[in-house]
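Colleague: Please take a close look at the site of the ligand and describe what lies around it.

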Amino acid sequence: MLTEKSDGILEEREGLNLAKVQCEQIFNAVSDLIIIVDNNLTIMNVNRAMAERCGMTPKELEGRKCFEVMHGTESPPESCPHTKLLLSGECQNAEFTVEKLHGVFDVRMSPVFNSEGQLITCIHIARDITEKKRQEGLLAIQQKQLEEINSNLETRINDAVTELRKKDDILIQQSRLTAMGEMISAIAHQWRQPLNNIGLIVQSLQLAFKANDLTVQELNEDVADTMNILRQISETIDDFSNFFSYEEESSPFVVNDLVSRALSFVESALKKRGIRVELDVQDDITATGYPNEYVQALLNIILNARDVLLNNRTSPLITIRIFEENGRAIVTVRDNGGGISEANLPKIFDPYFTTKNQSTGAGIGLYMAKMVFEKKMHGSLTARNVDGGAEFRIEM
Ligand SMILES: Nc1ncnc2c1ncn2[C@@H]1O[C@H](COP(=O)(O)OP(=O)(O)OP(=O)(O)O)[C@@H](O)[C@H]1O
Ligand SMILES: [Mg+2]
């Protein structure tokens with residue numbers, strides 16, 4: 001009976017010893033740094049990782065004050081949550097930069113109570129988060145740099161867009177000047193005949209007066225004729241100046257009228273150079289947009305055809321068609337000037353692309369026309385080669 005009892009005690013002891021050894025093995029195998037301290041922060045035990053990190057043996061650390069070993073101070077640092085733990089009896093967490101251990105640590109402090117519920121020791125487990133912190137720091141710097149690049153990029157893009165707008169404005173202005181030049185020669189042409197007529201009337205008046213042959217009725221008729229001619233001249237000026245007035249809002253218009261208007265500006269110049277214009281039109285095709293800009297853009301297309309036809313001596317011809325297709329107002333301007341080379345075709349709408357010499361072409365006519373039809377009026381302008389020449393197609 002007695003032997004059985006002592007056998008049991010022996011077994012129990014062996015079991016306890018085994019558990020203690022296993023506990024110690026685990027304690028020393030953990031890579032986190034562990035210190036067990038009493039209520040006065042005196043070190044009672046440390047695991048292998050902690051001893052190695054301090055460059056001392058566990059025995060050398062035992063009995064020393066935790067704050068002295070960790071922080072090299074004579075009292076715990078203000079941020080040490082141990083005091084809080086003593087008061088509350090609850091687990092505490094804190095992040096510490098421990099200069100003596102060259103790192104940043106996430107420290108968890110857990111209280112240990114005896115069977116009477118009294119707090120007797122405290123286990124500090126410190127996890128090295130130096131690398132994690134360094135990465136977080138790097139990430140924050142990169143984030144900041146990225147934000148700076150982003151905001152710079154936005155300003156740079158805004159600057160570039162403003163710059164481009166300015167350039168576009170200048171281009172449109174230049175292209176208007178080209179149209180204006182055409183118009184001035186058209187005005188000169190349209191005025192030549194009426195001015196001749198006025199000259200003839202004045203001369204005949206003078207002759208009749210000299211010959212004492214001038215009746216009041218004749219005088220009145222001549223004055224009325226002259227006034228009529230002057231009114232026509234004045235209307236021509238109105239037409240041209242309206243053409244350059246700024247249109248604030250888009251409005252509906254009859255496409256046929258705009259084509260006639262564009263042709264009226266260049267008709268005489270084309271005729272003089274033997275260029276025929278053929279019209280193939282459906283009546284009263286309508287669209288909505290900015291009529292003056294439409295005419296200016298169309299004029300650029302017609303003038304390009306004229307330019308290419310100046311070198312084409314055999315029956316130069318411009319054919320303009322106006323028709324409706326799928327509810328869209330279509331105008332095509334076709335010439336028989338030989339067309340555009342396949343290499344140049346994709347570039348003709350680029351600003352400053354020209355095959356003409358510097359004095360005759362700036363390479364902005366088609367760029368401006370494309371902007372007007374597509375950006376401003378949400379239509380389209382395309383070009384293709386057809387039999388013997390080029391064809392431009394405006395869709396609105
Ligand atoms: N009808 C056409 N036939 C053949 N090539 C053309 C025709 N229209 C335009 N092109 C080509 O497209 C280029 C660009 O035309 P665009 O009107 O933009 O500029 P440009 O006529 O050269 O100069 P600008 O119009 O500024 O005075 C022309 O230089 C020419 O090579
Ligand atoms: Mg041009």
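Modeller: In this predicted model, a side-chain N or O atom of Thr355 is 2.4 Å from an oxygen atom of ligand 1, a polar contact being a pair of N or O atoms within 3.5 Å. The backbone takes part too: an N or O atom of Gly363 lies 2.9 Å from a ligand oxygen, and a polar backbone atom of Ile364 is 2.8 Å from an oxygen atom of ligand 1. Taken alone, ligand 1 exposes 600 Å², of which the protein buries 93% (Shrake-Rupley areas, 1.4 Å probe).

The shell holds 19 residues, the closest being Asn304, Asp335, Thr354, Thr355 and Lys356; a residue is counted if one of its heavy atoms lies within 4 Å. By class, nine are nonpolar, eight polar, with Gly counted there, and two charged. Two or more shell residues come from each of α9 (291–309), α10 (365–376) and β12 (389–395), where helices are DSSP runs of H or I with at least four residues and strands are runs of E with at least two.

Residues are numbered from 1 along each chain as written, with chains lettered from A and ligands numbered from 1 in written order. Local features need pLDDT of at least 70, side-chain atom pairs count only at pLDDT 80 or more, and totals for chains, interfaces and linings use all residues, while side-chain values use heavy atoms, without hydrogens and water.

Notes: Polar contact = N/O pair within 3.5 Å; in protein donor to acceptor, adjacent residues only side chain to side chain.
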